[in-house]
Amino acid sequence: MPNWGGGAKCGACEKTVYHAEEIQCNGRSFHKTCFLCMACRKALDSTTVAAHESEIYCKTCYGRKYGPKGVGFGQGAGCLSTDTGDHLGLNLQQGSPKPARPSTPTNNPSKFAKMKVDVDKCPRCGKSVYAAEKIMGGGKPWHKTCFRCAICGKSLESTNVTDKDGELYCKVCYAKNFGPKGIGFGGLTQVEKKE
């Protein structure tokens, strides 16, 4: 049946994809906003996509799901990866055969719509931190706008950030408040005389 008055159907949401918003992969069309990894939901582009049959993944999740397993694979030479991919919903049980794919399309909603997205929370404001705005500091994800010194409010970078008790500080404020005290430390130049 001809497709009158519209573009191709999106491989993720099954809605019409018009030319201005179309990304093609493996002969299928996707909306730019639907072109996401099926496991971790990270946005994809032509350099980060890895396709397997009708599924699309980022290269990391694709490697975890379909790549070789064991010593020396996936995590660098000589390492044994114990990552099972469970936190990404990959179910990597070794030795179990892959179930056969149905040959006819089903009327079920898209696989993309069924997946729950776990989004990190910013320690400063408590709101969700998405990949496009994420900066890691002190082992936690932060918004770019929240990645500031807790005392002076100065915007931080990887070269001037320090963390203490889950909070971020610039090196100057950290030294003043938590560094060593006394002569020769923290800018003291004279010894006060006792009377």
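A polar contact is a pair of N or O atoms within 3.5 Å, and within protein one of the two must be able to donate a hydrogen and the other to accept it. In this predicted model, such a contact, 2.5 Å in length, joins the side chains of Ser 29 and Glu 22. Ser 29 lies in strand S4, which spans residues 28–31. The relative accessible area of Ser 29 is 7%, so the residue counts as buried, the limit being under 20%.

The largest nonpolar core holds 16 residues, of which Phe 30, Phe 35, Cys 37, Leu 44 and Ile 56 touch the most other members. Strand S6, made up of residues 55–58, gives the most to this core, with three residues. For Phe 35, contacts beyond four places in sequence include Phe 30, Leu 44 and Ile 56. Ile 23, Cys 25, Lys 42, Ala 43, Asp 45 and Val 49 are also in contact with Phe 35.

The protein chain as a whole has three helices and twelve strands. Of its 195 residues, 25% are buried. Among contacts between residues at least 6 apart in sequence, 22% join residues at least 24 apart. The accessible surface of the chain is about 14000 Å², and carbon and sulfur atoms account for 54% of that area.

Definitions and conventions
Residues numbered from 1 in each chain as written. Predicted model: local features only at pLDDT ≥ 70, side-chain atom pairs only at ≥ 80, totals over all residues. Heavy atoms only, no water. Helix = DSSP H or I, 4+ residues; strand = E, 2+ residues; numbered from the N terminus. Buried < 20%, exposed > 50% of the residue type's maximum accessible area, 1.4 Å probe, protein only. Core = buried A, V, L, I, M, F, W, Y, C linked by side-chain atoms within 4.5 Å. Contact = heavy atoms within 4.5 Å. Areas by Shrake-Rupley, 256 points an atom, 1.4 Å probe, with all protein chains shown as cover.
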